[in-house]
Amino acid sequence: MNLTFTALRFANVQRNKEWDPEGKIPASFRALELAGEVGELCNIIKKLVRESLGLKGSRATFLQLAQELGDAQICLDLLAMQYSVDLGEATRAAFNDKSRELGWETEIIGPGRSFAICNICATKDMCTQEEHCGIFGE
Ligand SMILES: [Mg+2]
């Protein structure tokens, strides 16, 4: 399955409504959540590297690595959601900026820069409802 940034955002928005219906979670919590998951990811990588070096210690699997990469990606999108950042567009822009800076030809094609995405319905092209973000479709 080819998961898109948009599909992940939609799922994160929907699940967040279940978990935090009053919208109490601050950006600082999202940042800590992301840091925690990146820490878990690094711990798995540490164990894989340790094993590759033939050193004693507990082991990890590539399945665990994949799970922690997924956790980190989810939390990165949750943090982006907190700031209404379209993570797909932000990623595309950052990738292309770095390519241009270093003179590389590889770029991610797309519609261009539009960093905001509605935190209520997770769309950016059709959201015209004032009770949502109200930043699109005007
Ligand atoms: Mg985790």
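**Ground rules.** I number residues from 1 along each chain as its sequence is written. Since the model is predicted, local features need pLDDT of at least 70 and side-chain atom pairs count only at pLDDT 80 or more, while totals for chains, interfaces and linings use all residues.

**Overall fold.** I looked up the secondary structure and got four helices and zero strands, counting DSSP runs numbered from the N terminus (helices are H or I, at least four residues; strands are E, at least two). Along the sequence the pattern reads α-α-α-α.

I found 15% of the 138 residues buried (20 or more other C-beta atoms, placed from the backbone, within 10 Å of the residue's own). Of the contacts with a separation of 6 or more, 56% join residues 24 or more positions apart; a contact means C-beta atoms, placed from the backbone, within 7 Å.

**Helix 1 on helix 3.** I checked how residues 5-19 pack on residues 62-82: the angle is about 75° and the axes are 10 Å apart. Axes are lines fitted to C-alpha atoms over the stretch in contact, and angles run from 0 to 180 degrees between N-to-C directions. The pair therefore counts as roughly perpendicular (65 to 115 degrees). Leu-8, Arg-9, Asn-12 and Val-13 of helix 1 meet Ile-74, Asp-77, Leu-78 and Met-81 of helix 3.

**Cys-75.** I then turned to Cys-75, which sits in helix 3. Cys-75 is buried, with 20 other C-beta atoms within 10 Å. Leaving out residues up to four places away in sequence, Cys-75 touches Glu-33, Leu-34 and Glu-37. Ala-31 is 44 residues from Cys-75 along the chain, yet their C-alpha atoms are separated by 8.1 Å.

Note on methods. Buried ≥ 20, exposed ≤ 12 C-beta atoms within 10 Å, placed from the backbone. Contact = placed C-beta atoms within 7 Å. Parallel < 35°, antiparallel > 145°, perpendicular 65-115°, else oblique.
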